[in-house]
Amino acid sequence: MKIIVLGAGVVGVASAWYLAAAGHEVTVIERRDAAGLETSFANGGQISAGHAEPWAKPSAVPQILRWLGREDAPLLFRPRASWAQWEWGLRFLYECLPGRFERHSRTLAGLARYSRDCLRALRAELGLRYDHLERGILQFATKRSDFDAMAGHAEAMRALGVRREPKSAAECLELEPALKHSTDPVVGGVYDANDESGDACRFTQELARIAVSRGVVFRYGAAIEALEAAGDTVEVIRLGSERATADAYVVSLGSYSPLLLTPLGVRIPVYPLKGYSITLPLGPAELAAAPTVSLTDEAFKLAISRLGNRLRAAGTAELTGYDTSVNSVRCAAIARRIRDLFPALGGITTVENWAGLRPATPDNVPVIGKTRFRNLYLNTGHGTLGWTLACGSGSVLADLISGRPPQVAFPFT
């Protein structure tokens, strides 16, 4: 079939790759002038298959209450006159009910492991290089109560095939010696040796480059105005004065997916969750002091990854609509935490600040599959797990469109 994929982020490019590999003629339409320049541009860098779980869980509610009124809070709700925002927030609270977290964790764990396998196979096949490290992810705690909760949760997750190993403070420091000098001492953590890290933007752009050599067409700088449908079929994409047609269409526009779908009467529970990151260049003096194991700071909800001669720290979530401006207060809070954890990096003055919109669903489960239109498909809503789930999501979508049974159980639309 002739298929148009809308969006050239990591999920859209992965979708295009697997669709082309299945024998389809694929065109990708992207409003930016290159791939991977939106949410995929500067995320936390983690392939967190062993830590793929929803933010919505019973313990989240008291945390949110403690964070109210704090400008540097890991989760910040900025009320707007938007029913979509309030509806998302209420559904998020509903997903925090006991039992729902376990159900969604099981769903995400299966797709995440499959996606990690797809990524490894793709890397081996194509020789992809994107500053990846295969040193696992260590989720560490600086509060005893956090560690106790993490260790208990790791035990429960073993039933889902997730092998997170509780580690003592000494074991954490042995895994990542860079934490030895933290001014906020590590008390313990959980570790999954099978997890990875890498630069999602570089991966996306490299895969897009190779996809072009395999026949995929990328149309950059093309603003998508609307989808036009008749009956149960999408007939055309409106691009200004131009029209583009195909046999099937895939919407992978991240947080902007609902804006294109709502006029067609297709509603999905995706809302932009604004996240921030800082990237620190590492000179010869800092390389030895920076971590190489990818880290998750439980207290501050930060993902920290070494990307070649750079250190990326990303986190926080802000419900503030489609605002992508960089809040210096929130970036400064991330920078302070990095200086506390790694005092030897405190002398770095050149820091790249970034903000992007994660396409989040209240339960963190992405929206993948068909719509009521027979030729319109979705691959969006991956939230904080877009990099982790991208390859698996692209592969299963290609299976669905090609009429093959997907290789992983998932609640497809």
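## Asp195 and its salt bridge

In this predicted model, Asp195 counts as buried because its relative accessible area is 0%, which falls under the 20% limit. The side chain of Asp195 meets that of Arg116 in a salt bridge, with N and O 3.1 Å apart.

Elsewhere, Asp297 forms a salt bridge with Arg337, where the closest N and O atoms are 2.6 Å apart. Asp297 is in strand E15 (residues 294–297) and Arg337 is in helix H10 (residues 328–341), so parts 40 residues apart in sequence are tied together by this pair. Asp297 and Arg337 are both buried. The count of salt bridges in the model comes to 25.

## The nonpolar cores

The largest nonpolar core holds 51 residues, and the members that touch the most others are Trp17, Leu19, Val28, Leu122, Phe203, Val250 and Trp387. Among the elements that give two or more residues to this core are helix H1 (10–21), helix H4 (100–126), helix H7 (200–213) and helix H11 (386–402), together with strands such as E1 (2–6), E2 (25–30) and E13 (248–251). Another core, of 28 residues, lies apart from it and includes Leu280, Leu341, Leu345 and Ile348.

Which residues does Phe203 contact, leaving aside neighbours within four places in sequence? Phe203 is in contact with Val10, Leu119, Leu122, Leu128, Tyr130, Trp387 and Cys391. The C-alpha atom of Phe203 is separated by 22 Å from that of Gly110, a residue 93 places away along the chain. Gly110 lies in helix H4 and is partly exposed, with a relative accessible area of 21%.

## A nonpolar patch on the surface

On the surface, Val61, Leu65, Phe77, Trp83, Trp86, Leu90 and Leu93 form a nonpolar patch whose accessible area is about 710 Å² together. Helix H2 (60–67) and helix H3 (83–95) are the elements that give two or more residues to this patch, and H3 gives the most, with four residues. Val61 lies in helix H2 and counts as partly exposed, at 31% relative accessibility.

The side chain of Ser182 reaches the backbone oxygen of Asp184 at 2.8 Å. When residues up to four places away in sequence are not counted, Ser182 touches Asp340, Leu341 and Pro343.

Val367 is in strand E19 (residues 367–370) and is buried, with a relative accessible area of 8%. Beyond its neighbours within four places in sequence, Val367 has contacts that include Ile268, Pro269, Val270, Leu378 and Thr413. Val367 and Ala288, which are 79 residues apart in sequence, lie 41 Å apart in space from C-alpha to C-alpha.

Conventions
Residues numbered from 1 in each chain as written. Predicted model: local features only at pLDDT ≥ 70, side-chain atom pairs only at ≥ 80, totals over all residues. Heavy atoms only, no water. Core = buried A, V, L, I, M, F, W, Y, C linked by side-chain atoms within 4.5 Å. Buried < 20%, exposed > 50% of the residue type's maximum accessible area, 1.4 Å probe, protein only. Contact = heavy atoms within 4.5 Å. Patch = residues over 30% accessible without salt bridge, like charges linked within 9 Å, V, L, I, M, F, W, Y side chains within 5 Å. Areas by Shrake-Rupley, 256 points an atom, 1.4 Å probe, with all protein chains shown as cover. Salt bridge = Lys/Arg side-chain N within 4 Å of Asp/Glu carboxyl O. Polar contact = N/O pair within 3.5 Å; in protein donor to acceptor, adjacent residues only side chain to side chain.
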